[in-house]
Amino acid sequence: MTTPLISFENISYQYPDKTLALKSLSLHIDKGKKIALIGNNGAGKSTLFLLLNGLLIPSGGKIYFNGKVLTYKRVELKKLRQKVGIVFQNPDSQLFSSSVYEDIKFGPKNLGLSKEEIQKAADQAIHLTETETLKEKPPHFLSLGQKKRVAIAGIIAMNPELMVLDEPTAGLDPYYAKKIMQILNDIHHENRTILLSTHNVDLAYEWADEIIVLHNGSLLAQGQPAKVFQNRELLKQSHINQPMILEIYQQLLNTMNIPLPREYPITQKDFVEKLSSLLHT
Ligand SMILES: Nc1ncnc2c1ncn2[C@@H]1O[C@H](COP(=O)(O)OP(=O)(O)OP(=O)(O)O)[C@@H](O)[C@H]1O
Ligand SMILES: [Mg+2]
């Protein structure tokens, strides 16, 4: 068995006002996976993300990065933040330079890259996120969706081992939401792990290799999307809907009196193919 990229061992986190946001949470993030974290408002998703790159320190339990326990020493934190790039839920927490271009160059600058490398990394990220026309603007003048794309570009430019995105598509129009998911597919490879949180179960189902469900600060499930989203008890308990494709497919099979299969459609294309083969048999 390979060592997980990150392991949480009985992690609890209590905010200064005594809110217990995470309760003895144990989970592992495997290298190279595309993982969607879901859970209703206040479940603890953003808190978990802030723990992942050391912005918060657990009140209890241990976090391991590549098998080594985090001790929160300065040098270690600096290294951790170079490896874990986080896109905050609120882009205003992230953007502070005088122009979009400067903001996107900030991360690679911090990594100590050369001037040419910084420019190359920033230009690539700008191209990918279609933010060319925003380059010279002050970030605080941008619309919410534009700010989100710039914040994502800033993390892409850092080329981190683990990318953590807190609701990356919230506030984006359908074109850019789709675009961002495509980019996350394109930049994903076996040495890059991507973890995002979302309230969009359709997006999570289609994109992720693995789903993590949080509820009231506790882990309810971690597993394959088709498996997690078929667990009706779990969905009910965590106030989560079933992805539309899965729900319609199951209902269709039920009305056609066809036994439920092992394999479920994941994408729309898949759905149409499976449906037409059912209709032609
Ligand atoms: N700075 C804070 N001080 C006190 N309590 C906090 C703070 N930040 C978050 N909380 C509380 O911690 C719990 C978890 O919040 P968190 O923001 O992690 O949830 P979330 O799953 O990201 O929710 P959402 O879907 O609304 O973004 C909530 O009960 C919230 O009220
Ligand atoms: Mg949140």
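Which element gives the most to the lining of the second largest pocket? In this predicted model, that element is α3, with five residues. The second largest pocket holds about 570 Å³ of space. Its lining comprises 24 residues, and F106, G107, N110, I155 and M158 are those that lie nearest its centre. Two or more residues of this lining come from each of α2 (74–83), β6 (84–87), α3 (100–110) and α5 (144–156). When the lining of the second largest pocket is sorted by class, 13 residues are nonpolar, eight are polar and three are charged.

The largest pocket has a volume of about 700 Å³. A total of 21 residues line the largest pocket, and K178, D202, L203, E206 and Q268 lie nearest its centre. Four helices, namely α6 (174–186), α7 (201–207), α10 (244–255) and α11 (268–279), each supply at least two residues of this lining. The largest share comes from α6, which provides six residues. Both domains take part in the lining of the largest pocket: domain 1 (6–242) and domain 2 (243–281) each contribute at least three residues. By class, the lining of the largest pocket consists of 13 nonpolar, five polar and three charged residues.

Several contacts involve oxygen atoms of ligand 1. The side chain of N41 places a polar atom 3.0 Å from an oxygen atom of ligand 1. In the case of G44, a backbone N or O atom lies 2.9 Å from an oxygen atom of ligand 1. For Q89, an N or O atom in the side chain is 2.9 Å from an oxygen atom of the ligand. Ligand 1 exposes 640 Å² when taken alone, and the protein buries 65% of that area.

Methods
Residues are numbered from 1 along each chain as its sequence is written. Chains are lettered from A and ligands numbered from 1 in the order in which they are written. This is a predicted model: local features need pLDDT of at least 70, side-chain atom pairs count only at pLDDT 80 or more; totals for chains, interfaces and linings use all residues. Side-chain values use heavy atoms; hydrogens and water are left out. On a 1 Å grid over the protein atoms alone, a cavity is a set of points where a 1.4 Å probe fits but cannot get out, and a pocket is an open set with protein on both sides within 12 Å along at least five of seven lines; lining residues have an atom within 4 Å of a point. Grid points are joined across faces, edges and corners, and a volume is the space filled by probe spheres set on the points. Ala, Val, Leu, Ile, Met, Phe, Trp, Tyr, Cys and Pro count as nonpolar, Asp, Glu, Lys and Arg as charged, and the others, Gly among them, as polar. Domain bounds come from an automatic or database domain assignment. A polar contact is a pair of N or O atoms within 3.5 Å; within protein, one must be able to donate a hydrogen and the other to accept it, and residues adjacent in sequence count only if both atoms are side-chain atoms. Accessible areas come from the Shrake-Rupley method with a 1.4 Å probe; for residues, only the protein chains shown count as cover.
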